[in-house]
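Good morning, colleagues. Please take a moment to look at the sequence and the structure on the screen.

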Amino acid sequence: MNVPIHKDSNAGFALVETVLIVVIIAAISGVGAYVLQQKNKTNSAYSSPSSLSNSGVSPIKPGSSASVTQLTQQDAQTEKSADTAGDVQVQQNATSANSSISNVGGTYNENNL
């Protein structure tokens, strides 16, 4: 009896799979190395002596509770100074000679007569 011999047509598939896996691992490693390099650049910018001497602020790791506390305090200080400046402007307007507030209710300024 003659049995037909089937030739294996998948003989080179293992080599293609191996090359594909090596290419994928190389791509993932390359992207990882790039991300790590960018992260190191960012971290060195936070801890460089020139940036610390200019700002007068000690290095705080971004995203830490200390950095959140520092940002909250800076925000509160900014709001306080803006509120103070607004209050000063309102008081100056209220006490100026040409203020409409001094003429409310039918009163008038005798100095302008």
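This is a predicted model: local features need pLDDT of at least 70, side-chain atom pairs count only at pLDDT 80 or more; totals for chains, interfaces and linings use all residues.

Residues are numbered from 1 along each chain as its sequence is written, and side-chain values use heavy atoms, with hydrogens and water left out.

The chain holds three helices and zero strands, in the order α-α-α along the sequence. Helices (H or I, at least four residues) and strands (E, at least two) are DSSP runs, numbered from the N terminus.

Of the 113 residues in the chain, 2% are buried; buried means under 20% relative accessible area, exposed over 50%, and partly exposed in between (1.4 Å probe, protein chains only). The chain exposes about 9900 Å², of which carbon and sulfur atoms supply 61%. Accessible areas come from the Shrake-Rupley method with a 1.4 Å probe, and for residues only the protein chains shown count as cover.

Now to the patches. Their members have over 30% relative accessible area and no salt bridge, like charges being joined within 9 Å and nonpolar side chains (Val, Leu, Ile, Met, Phe, Trp, Tyr) within 5 Å. A salt bridge is a side-chain nitrogen of Lys or Arg within 4 Å of a carboxyl oxygen of Asp or Glu.

Leu-15, Val-19 and Val-23 form a nonpolar surface patch, together about 290 Å² of accessible area. Val-23 belongs to helix α1 (residues 13-47) and is partly exposed, at 49% relative accessible area.

Asp-75, Glu-79, Asp-83 and Asp-87 form a negative surface patch; Asp and Glu count as negative, Lys and Arg as positive, while His and the chain ends are not counted. A charge is placed at NZ of Lys, CZ of Arg, CG of Asp or CD of Glu. Asp-75 lies in helix α3 (residues 65-95) and is partly exposed, at 43% relative accessibility.
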